[in-house]
Number of protein chains: 2
Amino acid sequence: MILLDGKKTSADIKEEIALEVTDLKNRGIKTPHLAAIIVGNDGASITYVNAKVKACERVGFESTLIRLPEDTKEEDLLNEIAILNVDNDIDGFIVQLPLPEHINEQKVLMAIDPDKDVDGFHPTNVGKMALNLPTFISATPFGILELLDRYNVVTSGKHVVVLGRSHIVGSPMSILLSQKRKTGNATVTMCHSRTKNLKEITLQADIIIAAIGIPEFLKADMVKDNVTVIDVGITRLADSGKKSGFRLVGDVAFDEIAKKSEFITPVPGGVGPMTIAMLLKNTLLACQRNR
Amino acid sequence: MILLDGKKTSADIKEEIALEVTDLKNRGIKTPHLAAIIVGNDGASITYVNAKVKACERVGFESTLIRLPEDTKEEDLLNEIAILNVDNDIDGFIVQLPLPEHINEQKVLMAIDPDKDVDGFHPTNVGKMALNLPTFISATPFGILELLDRYNVVTSGKHVVVLGRSHIVGSPMSILLSQKRKTGNATVTMCHSRTKNLKEITLQADIIIAAIGIPEFLKADMVKDNVTVIDVGITRLADSGKKSGFRLVGDVAFDEIAKKSEFITPVPGGVGPMTIAMLLKNTLLACQRNR
């Protein structure tokens, strides 16, 4: 069993990005600049957006954090976006989700210039992804591709089973892995809540991407020997034995499946740490493309 | 065995559209107006675009056909598109493909205003499709959904196997059928040239969408009893017994598979006739949305 170590891999990627930033600066081109807008005071969102800003600093990016109050009008948020869209110093920016209920999330995402949409959520970028054109692939799918690639996990001709059809993970993963691309060319089966005889299908899988958000859903008797498992789930379960009072659990019963696996991602430390690295990578791409 | 009769169904749809056009006119709103640009003298393309114009007339649409010479510069084609984009009388328009080699097809498709892109090829519309947002679904996938819907073919919880990952048919079909939608909620396996043990997979399928362009590729021993088969392939095979000198053959060995099928599309007369009907439907939608 080989652990797909997202923590180490993301550190490697950040180091590579830092080198490229130094190179860009030395050549007098431009320092990549990521902006983030956050609306309201949701604790988890603030923690997450701060981690992004901190990651920018570490690789030598410039960053701008725009904090707006919870009662910000949709119109005012759209105005902020319009300003970032035309600010030549900003290479890419994100609007931290979720937004307060009075704001139409889809409308906000649509307002971002696709060329600065480093989260890859704008329909134009989703469409380019589906058409296998150059674009910003959103952080989680991009991170999974990168992890598979760096560990030389063969996907071509393999049967991949994706669990969960979310727009953020399951659906793009199923599209990407079936495409003609380096980490692609797989036969992909997309499963979800309406799937019947799921176990029959997972037992056929060479690679399983689990992204349903049900703790330890995938058990050892549902997979064949030498399966590769990517666990995207992350749920907090109460655990009085932990100082924090909880532990993080994935969609995969790790201990029992690890024994049968060729490759497997841990939770935490698998897919999770990859996402910020890929956001930085998209920002670097944006900076390079816009020059 | 029930034949999924595309010829009859498309005639029904056109009749429904004609009624809606009459209603729009009676209410003094607007007559839907489709424009088509064709570049060059490719015989098949001219036949096809003429059929579209004729279909417009039959349902009461206005239509405009713009014929440009083979040596039209890309810039001049882009200019024509820019004019149609801002022409308020034009509800939707298409650029007939393929284009001459000196013109960048992707650049041309990207220049069309997504709100007038009734072919549904613009990345923004492909992305909206993938995100299950209101959009123009391109004619062939839209026609297949409509055919399944009108014959009450149950897709929810069924195992659909899609053969072929083209951007025009296979890929969008696999996305659409797995989504939360009326004709959707299926478990979808996307197969293509790199798929191994294909027969093992097709034998599991409740529904097969064949879109690979290899005549009579799918044989009876590759499907289970009571399978539903949608045949998107259409190849001309030389046939001295026919007056035309050829016959049209699908991707499915029709005679032997029909006996085992619950539903099956013929070739010709299955998916083919649906495409023009769905182009008209998209144009009607564009007209209604833009008011």
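Between which two strands of chain A is the loop that holds Asn226(A)? The legends below take up this loop and other parts of the structure.

The structure is a predicted model, in which local features need pLDDT of at least 70, side-chain atom pairs count only at pLDDT 80 or more, and totals for chains, interfaces and linings use all residues. Residues are numbered from 1 along each chain as its sequence is written, and chains are lettered from A and ligands numbered from 1 in the order in which they are written.

**View 1. Asn226(A) and Asn132(A), two residues with positive phi.** Asn226(A) is found in the loop between strand 7 and strand 8 (227–231) of chain A. Helices (H or I, at least four residues) and strands (E, at least two) are DSSP runs, numbered from the N terminus. Most residues other than glycine have a negative phi. Asn226(A), although not a glycine, has a positive phi of about 65°. Asn132(A) also has a positive phi, near 60°, and lies in the loop between helix 5 and helix 6 (139–150) of chain A. A residue is buried if 20 or more other C-beta atoms, placed from the backbone, lie within 10 Å of its own, exposed if 12 or fewer, and partly exposed in between. Asn226(A) is exposed because 11 other C-beta atoms lie within 10 Å, whereas Asn132(A), with 16 C-beta neighbours inside 10 Å, is partly exposed.

**View 2. The contact between chain A and chain B.** Each side is given by residues in contact, that is, with C-beta atoms, placed from the backbone, within 7 Å. Chain A contributes 27 residues and chain B contributes 27 residues. On the side of chain A, two or more residues come from each of helix 5 (123–130), helix 7 (170–178) and strand 6 (187–191). Helix 5 of chain A gives the largest share, 7 residues. This side of chain A comprises 10 nonpolar, 13 polar and 4 charged residues. Here Ala, Val, Leu, Ile, Met, Phe, Trp, Tyr, Cys and Pro count as nonpolar, Asp, Glu, Lys and Arg as charged, and the others, Gly among them, as polar.

View 3. Two strands pair if DSSP finds at least two bridges between them. Strand 6 of chain A and strand 6 (residues 187–191) of chain B pair in the antiparallel sense over 3 bridges. Thr189(A) stands opposite Thr189(B), and Met190(A) stands opposite Val188(B).

**View 4. Helix 1 and helix 2 of chain A packed together.** Helix 1 (residues 6–26) and helix 2 (residues 43–59) of chain A meet at an angle of about 55°, with their axes 8 Å apart. Axes are lines fitted to C-alpha atoms, for helices over the stretch in contact, and angles run from 0 to 180 degrees between N-to-C directions. The two helices of chain A are therefore oblique to each other; angles under 35 degrees count as roughly parallel, over 145 as roughly antiparallel, 65 to 115 as roughly perpendicular and the rest as oblique. Lys14(A), Ile17(A), Ala18(A) and Val21(A) of helix 1 make the contact with Ala55(A), Arg58(A) and Val59(A) of helix 2.

Definitions and conventions:
Two residues are in contact if their C-beta atoms, placed from the backbone, lie within 7 Å.
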